[in-house]
Amino acid sequence: MKHVFGIFCETYSKKNDENSTGEHAIIALVIPADKMSDLESALDGVVAKARKQHPEIPLYAELHAYELNSGVGSWKALKRKPRPRVRIYQDAISAIARIDGLFVCRGSVDLTKRFCEDPHRWALTFALEHVNYCVRGKKDNVIGICDDIPNKLIYQRYFQQFRTEGTQNRFSPDDKLESFVDALHFSPSKFSRPIQAVDLLAYVYRRVHLEPPKDERARLVYDNLWEEIEPLFRRGSSRTW
C-alpha cells in the first residue's frame with residue numbers, strides 16, 4: 001500500500017453564455033506520493049526557464065492558468081507578449097504529462113439539465129467518488145488537497161459527513177470514501193505547484209470542452225494542449241450529472 005495525493009480544482013462555464021455548456025466541474029489530479037517532488041521540480045524548472053528568457057518575471061511566479069493566459073499577476077510583464085506566454089503554458093503542460101503514474105478524475109454538473117443550489121458540492125462529491133474508486137482498486141490511500149476557497153469549512157464538513165455516513169453514490173449507497181485519510185485540506189495555489197498543475201489542466205479542459213475560444217488560433221493552442229493531457233483523463237474516471 002502506498003499514499004497518493006488527490007489535488008482538486010474547480011472550473012465552470014456560465015450557463016447564459018452562448019459559447020458555453022453551463023457545466024460546473026471539479027478536476028482532480030491524482031499524484032503518487034513518490035512523484036510529488038518530481039512534479040514540483042519540473043514546474044519549478046518551467047518557471048526558471050521562463051525567468052532566464054524573461055528576467056522581469058518574479059522569482060516566485062505562480063503558474064496560474066488564467067493569469068498566464070491573460071498576462072496578469074505574475075505574468076503581467078508579458079502582457080503584450082502572447083507567444084512567450086503560450087510557450088510557457090506548453091512547457092508546463094508537457095512537464096506535467098511527462099510525470100509517470102498521474103491520472104485525472106472529473107465530477108461535473110450540467111446546469112442546463114439539472115438545478116441545484118450548490119453545484120460545487122455535487123461536482124466535488126462526484127470527483128471524490130471517482131478518485132476513491134480508482135485508488136481503491138490499487139489498494140492505496142489518498143490525501144485530498146483543494147485549491148483554497150472562502151467557504152472551505154462547509155466542504156470540510158461535507159467530507160467528514162461522507163466518511164461517516166457515505167455519499168449515496170453511484171457505486172454503492174454507503175460508500176464512505178474509505179481510501180481517503182485525514183481531513184480535506186485547502187491551500188492557496190500560489191504556494192503549491194501541484195495545485196497550480198491541476199489548475200493548468202482544469203483551464204485547458206474548460207477552454208476545450210466548456211468555453212472554447214472564438215479565436216481560431218487560440219482554439220488550436222488549447223486543442224493541442226488537450227491532446228497532450230487527454231491520456232491523463234483517460235486513465236482516470238469521470239461523471240457528468
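Let me start with a network. Arg206, Arg207 and Glu211 are linked by salt bridges. A salt bridge here is a side-chain nitrogen of Lys or Arg within 4 Å of a carboxyl oxygen of Asp or Glu. In the Glu211 to Arg207 pair, the closest N and O atoms are 3.9 Å apart. Both Glu211 and Arg207 are buried. Buried means under 20% relative accessible area, exposed means over 50%, and partly exposed is in between, with a 1.4 Å probe and protein chains only.

Before I go on, the ground rules. This is a predicted model: local features need pLDDT of at least 70, side-chain atom pairs count only at pLDDT 80 or more, and totals for chains, interfaces and linings use all residues. Residues are numbered from 1 along each chain as its sequence is written, and side-chain values use heavy atoms, with hydrogens and water left out.

Back to charges. How many salt bridges does this rule give? The count is ten. In general, side chains of opposite charge can pair when their charged atoms come close.

Take Arg193 and Asp44. Their side chains meet in a salt bridge, 2.8 Å from N to O. Arg193 sits in helix H6 and Asp44 in helix H1, so to speak of sequence, they are 149 residues apart and the pair links distant parts of the chain. Helices and strands are DSSP runs, numbered from the N terminus: H or I with at least four residues for helices, E with at least two for strands. Arg193 is buried, at 14% relative accessible area. Asp44 is partly exposed, at 39%.

Next pair: Arg136 and Glu178. Their closest N and O atoms are 2.8 Å apart, in a salt bridge. Arg136 lies in helix H4 (residues 119–137), and Glu178 in the loop between helix H5 (152–165) and strand S5 (185–187), so the pair ties together parts 42 residues apart in sequence. Arg136 is partly exposed, at 31% relative accessibility. Glu178 is also partly exposed, at 42%.

Now a charge without a partner. Glu67 is in helix H2. Glu67 is buried yet has no salt bridge. Which side chain of opposite charge is nearest? Lys190, and Lys190 is 9.3 Å away. For charge, Lys and Arg count as positive, Asp and Glu as negative, and His and the chain ends are not counted. Leaving out residues up to four places away in sequence, Glu67 touches Val72, Gly73, Ser74 and Trp75. Contact means heavy atoms within 4.5 Å.

Also in helix H2 is Asn69. Asn69 is partly exposed, with a relative accessible area of 30%. Beyond its neighbours within four places in sequence, Asn69 contacts Arg85, Tyr203 and Tyr222.

On to the cores. A nonpolar core is a set of buried Ala, Val, Leu, Ile, Met, Phe, Trp, Tyr and Cys residues joined through side-chain atoms within 4.5 Å. In soluble globular proteins, nonpolar side chains tend to be buried together. Here, the largest core has 47 residues. Those with the most contacts inside it are Leu29, Leu63, Trp75, Ile88, Tyr89, Ile96 and Val204. Elements giving two or more residues to this core include strands S1 (3–12) and S2 (23–32), and helices H1 (36–53), H3 (82–97) and H7 (216–235). Which element gives the largest share? H6 does, with eleven residues.

Look at Ile96. Setting aside neighbours within four places in sequence, Ile96 contacts Leu39, Leu43, Leu102, Ala197, Leu200, Leu201 and Leu232. A second, separate core has 28 residues, including Cys105, Ala127, Leu128 and Phe186.

Buried or exposed? Gln196 is buried, at 2% relative accessible area. Residues up to four places away aside, Gln196 touches Glu62, Leu63, Ser189, Lys190 and Phe191.

Last stop, helix H7. At 1.5 Å a residue, its 20 residues should span 28 Å, and its end C-alpha atoms are 29 Å apart, which agrees. That expected span is 1.5 Å times one less than the number of residues. H7 does bend, by about 45° at Ile229, and Pro231 follows within four residues. The bend is the angle between axes fitted to the seven residues ending at a position and the seven starting there. The buried residues of H7 are Tyr222, Leu225, Trp226, Ile229, Leu232 and Phe233. Their cover includes S2, H2, H3, strand S3 (103–110) and H6.
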